[in-house]
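Please look at the ligand site and the domain interface side by side. My notes follow as numbered points.

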Amino acid sequence: MTPLHYVGGALHLEQVALAAVAARFGTPCYVYSRAAIEATYRAYDAAFGSQPHRVCYAVKASSNLAVLNVLARLGAGFDVVSGGELARVLRARGEALRVVFSGVGKSAEELRQALAAGIACFNVESAAELERLNQVAIQLGLRAPMALRVNPDVDAGTHPYISTGLKENKFGIAAQDALALYRRAASLPGLRVHGIACHIGSQMTDLAPLREAAGRIAALRQALLAEGIAIDHVDLGGGLGIAYRDEVVPSAADYAAAISGPFAGSAVEISIEPGRSIVGPAGVLLTRVEYLKPGDGRNFAIIDAAMNDLLRPALYDAHHAVLPLREAGGEARVWELVGPVCESGDFLAHARSLALAEGDLLALRDAGAYGFAMSSNYNSRPRPAEVMIDGSIVRLIRARETLDDLWRGEQILTD
Ligand code: LLP
C-alpha cells in the first residue's frame, strides 16, 4: 500500500494529515514515510533469497542523517560518492565496512579518509585512480579493497543525463580495457582485488538492459578467473525506476532474479546500489499556492516551492504528480505550477488540471529522491524543512534554514 492516501478528503502520509505538518513546519517542506523506506529496503533484502548479497543505499538520493540512520538500523550498506557522504554515513551510525565508494573524481584526501575508516570497496573508475589508490594505501600501510567500475556498453534506455553505461559516458572503464587493468591491479601491493562493479543508469523500468549488463559482468568474472584473478563480489549498481506517472515498474523480486540469474549457483556476493526506488516514493514536497495568475495563453499558479527546492522538473523536464492536500470540489482548470525564482525554467509542473484557490496546499509526489539532495539557496531562498513520519509520529529531521544560514561563512570587507 502506498503510504499516501486520502482520509475524509484529507491527504495523509501514513497516519498523519499532511495539512497538520504544513501548519506546524510551514511550506515548502519535504515529508518522508519511514515505513515506505523500510518496506522497500526489506523487499530488496528479501528478494535475493539465499544468494549472498548487500543492499548499499545510494546516499546521493537523500542524505539526511535520519534517513541514513533508519537504513543503517536495518543493516543496510551504503554507496557514497564523496568524503562528505562517507562522513554522513558514519555520523548516522552506518558501518564503514558496509560502504562502497563510487565516483570518477575521488581526491587523495577522500581516498585516505575512506581507507582509514575501513570501507568495504573502492569502485575505481580509471587507470589513473587505480595508481593513486595504490599509492595512498601504501603510504598508510594498508591494502585497499577494490573493484573496477566497468562500463558494459549497454544502453539503459533512460534520460541521457542519467544514462551512464554507454562507452561515450565519462563513467567507468571500457570493457575491453578491464582485463589489462585487473592484471595491473593484481600486481600492485597497495591493492586487493575484491570485485567488479557497474552502474548503467537510473530510472530504468525495463529489466533487459540490467540483465544484459549482469551477463557481461559475469562473463568478465569468468575471464578473470581463467587468469587466476578471483572475484568474490559483484556490484551491479542502482537504477531501478519508480512510477512517476503510470510507468509499470518491475518488482524487487523480478529485478533481483534478472540481475542474479547470470551468477546462479555461485557463492559470489551481489551488491546493489538503489537510491531513487528506496526514498523516491517515500517522500513528498509540500507547497502552498501564493498567487493565481490566470491568463490568455496559460494559467499560472505561483507556488512557494521553486526550482531551488526541487530541481528535477527544470533540469530533466521530470514529472511529479501533484495532489491537493484537501480533495477539492471546485471547478478544475489547467495550471502551470511555477515557483518564485527568477528563471523561466522555474516550473514544478506543466498543464495540471486542478481546482485551485490562493492559499491551497499541494503535495508534489515522489519527491523523496534527488529532491532535497539537489536543492540550493539560489535566489537566497533558505532550504526547506525535512520531516519524517513514523506511523502517527511526526519528527523534524532538518530544520528549515534561517537567514543566518544563508550567509554562514561569508565576510564583509573591513577596509
Ligand atoms: N550507483 C551509482 C554509481 C550512481 O551513480 C547512482 C546514481 C546510483 C547508484 C543510484 O541510482 P538510482 O537507484 O537512484 O537510480 N539526479 C537524477 C539521478 C542521478 C543518478 C545519479 N547516479 C534524477 O533526479 O533523476
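1. The shell around the ligand takes at least three residues from each of domain 1 (4-32 + 282-406) and domain 2 (48-274). These bounds come from an automatic or database domain assignment. The model is predicted: local features need pLDDT of at least 70, side-chain atom pairs count only at pLDDT 80 or more, and totals for chains, interfaces and linings use all residues. Residues are numbered from 1 along each chain as its sequence is written, and side-chain values use heavy atoms, with hydrogens and water left out.

2. There are 19 residues around the ligand, where near means a heavy atom within 4 Å of it. Ser 202, Glu 273, Arg 312, Tyr 316 and Tyr 370 come nearest. The shell splits into six nonpolar, seven polar and six charged residues. In this scheme Ala, Val, Leu, Ile, Met, Phe, Trp, Tyr, Cys and Pro are nonpolar, Asp, Glu, Lys and Arg are charged, and the others, Gly among them, are polar.

3. Check the polar distances. Ser 202 places a polar side-chain atom 2.3 Å from a ligand oxygen. For Arg 312, a side-chain N or O atom is 2.6 Å from an oxygen atom of the ligand. Asp 79 has a polar side-chain atom 3.2 Å from a ligand nitrogen. The ligand alone exposes 590 Å², and the protein buries 92% of that (Shrake-Rupley method, 1.4 Å probe).

4. Now the interface. The C-alpha centres of domain 1 and domain 2 lie 33 Å apart. In contact (heavy atoms within 4.5 Å) are 18 residues of domain 1 and 14 residues of domain 2.

5. The two domains bury about 1,400 Å² between them, 56% of it on carbon and sulfur atoms. Buried area is the accessible area (1.4 Å probe) lost on putting two parts together, summed over both. In domain 1, Tyr 316, His 319 and Tyr 370 lose the most area to domain 2, together 39% of what that side buries.

Notes. Polar contact = N/O pair within 3.5 Å; in protein donor to acceptor, adjacent residues only side chain to side chain.
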